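Subject: Structure for you to look at

Hello,

Here is the structure I said I would pass on. My notes follow it, so please read them with the model open.

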Amino acid sequence: IHPLHVEPVAWVTGRKDLLYALFYIGSLIAYVYFKSKNSNSYYILSFLLFVMALFSKPVAVTLPLVILILEYFLFNQRGRKSLLLMIPYLILSVIFFYIAVLAQKSAGAFPHGQLSFLQRINISCSNFLFYLYKMIVPTKLACIYPIQNYWYAILVVIAIVIVVFISLKYSRIFALIMMLFVITMLPVLQLVPVGQVLSDRYTYISLTCFFFLFAGVVHTLYFRAKKILRILVIIVVLCVSVLFSFLSRSQCLIWRDGMTLWTYVINTYPDISVAYNNRGTLYGNEKNYESALKDYDRALQINPKYVKAYVHRGNTYNVLGDFDRALKDYDTALEIDSTYLDAYHNRAVLYFNAKEYELALKDLLKIRELGGHVPDEVIKYVKSLSEKKN
């Protein structure tokens, strides 16, 4: 019922988060049974569930580290035996991490690779604080956020680390929860700049650590406190449950359709160029070209190097018959990114319709050169028209 968990459920592609969470937690439970019952069948089950979690979503690579933390804090195992048990897990984690990085890189999902190491550290610390804040105050949630870069982030994180170490003298539970949270969030904190910088779905497993802590506090207070305090605990739990249920219900309505989603993002965070570009595309699909052009203009005003927005605006101009402006947008897109296949493709179509067959052929051959697919019959046809015209 936590509003941060709406995205992986409401967004159909987010089902991978639900799948990996199911197998991830299942693997941990099986491992605990293996330790408590000393049965190898539970160890095998834990490993198989881990494999299924990895195939659901590679971010499950953190599980071996989580198990090592549990070994240390719950089972007081600190020797070589624990490490030996983790070898199969660690080998798989390294393989899947390597494959995931390669896949993200080939898909162009490293948008912040130009940042320095210190900047990435600060953004990672800012993301850490952002998720903690949204857990406590889950308002203004969106499918995409501006980059968080607080100047004080590193200092606050250092202070939290000091508090965690001090807490070890009194109780190990807080240190355990914080370590589990950090480890499960590690792949998405942007130390390695992969994919989206911030996303609600990234917290699906990680927040479970704090929910566990909350449940433990409630359990302790209820069974050890006096009657008046018990009633107070029940009231607090009910109020939190009702509030989060209401906020989650409201958040679900935002995901009703694309137009509702991107309009909400624009109203909440008005300086995100991607939101304007995506809503512009939806307006274009509805043939509301005037609104589409306004959104593309705004997207490019925010980010003048946003290649996709230039191509989409060029497409809109093309539909409206303004071929000069369309051509100018395609040219600008290719000046920014000379490998963007959609720009070459759409410009080739524009040239073809203008009977500039030689220029169309040049763009089609460039697409092939960059690894894109253009059927042989298309190349032959455009080439024959070019020769005929000459």
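K35 lies over the face of F75, and its distance from the ring centre is 5.8 Å. A second case of this kind is R230, which sits over the face of Y222 at 5.3 Å from the ring centre. Please keep in mind that this is a predicted model.

The protein has 18 helices and 0 strands. Along the principal axes, its C-alpha atoms fill a box of roughly 90 × 45 × 35 Å. Of the 390 residues in the protein, 42% are buried.

Now the aromatic rings. Counting ring centres within 6.5 Å of each other as a pair, the total is 19 aromatic pairs. One of them is F47 with Y89, with 5.4 Å from centre to centre and 90 degrees between the planes. Why is this pair called edge-to-face? Planes over 60 degrees apart count as edge-to-face, and these are at 90 degrees, so the pair falls in that class. F47 belongs to helix 3 (residues 40-56) and Y89 to helix 5 (residues 80-106), so the pair ties together parts that are 42 residues apart in sequence.

F47 has 23% relative accessibility and counts as partly exposed, because buried means under 20% and exposed means over 50%. Both residues also belong to a cluster in which ring pairs link Y31, F34, Y43, F47, F50 and Y89.

Another pair is F352 with Y381. The ring centres are 6.3 Å apart and the planes are at 45 degrees, so this pair is tilted. F352 is in helix 16 (residues 341-353) and Y381 is in helix 18 (residues 376-389), and the pair links these distant parts of the chain, 29 residues apart. F352 has a relative accessible area of 28%, which makes this residue partly exposed.

Which element gives the largest share of the lining? That is helix 5, with 8 residues. Sorted by class, the lining of the second largest pocket has 24 nonpolar, 7 polar and 4 charged residues.

Two charged residues are left. R279 lies in helix 12 (residues 273-285). At 13% relative accessibility, R279 counts as buried, because the limit for buried is under 20%. The side chain of R279 is joined to the side chain of D295 by a polar contact of 2.8 Å.

K366 lies in helix 17 (residues 357-369). With a relative accessible area of 25%, K366 is partly exposed. Where is K366 in relation to L90? From C-alpha to C-alpha they are 43 Å apart in space, and in sequence they are 276 residues apart.

That is what I have for now.

Regards

Key. Residues numbered from 1 in each chain as written. Predicted model: local features only at pLDDT ≥ 70, side-chain atom pairs only at ≥ 80, totals over all residues. Heavy atoms only, no water. Phe/Tyr/Trp six-rings, centres within 6.5 Å; stacked < 30°, edge-to-face > 60°. Helix = DSSP H or I, 4+ residues; strand = E, 2+ residues; numbered from the N terminus. Buried < 20%, exposed > 50% of the residue type's maximum accessible area, 1.4 Å probe, protein only. Lys NZ or Arg CZ within 6 Å of the ring centre and 35° of its normal. Polar contact = N/O pair within 3.5 Å; in protein donor to acceptor, adjacent residues only side chain to side chain.
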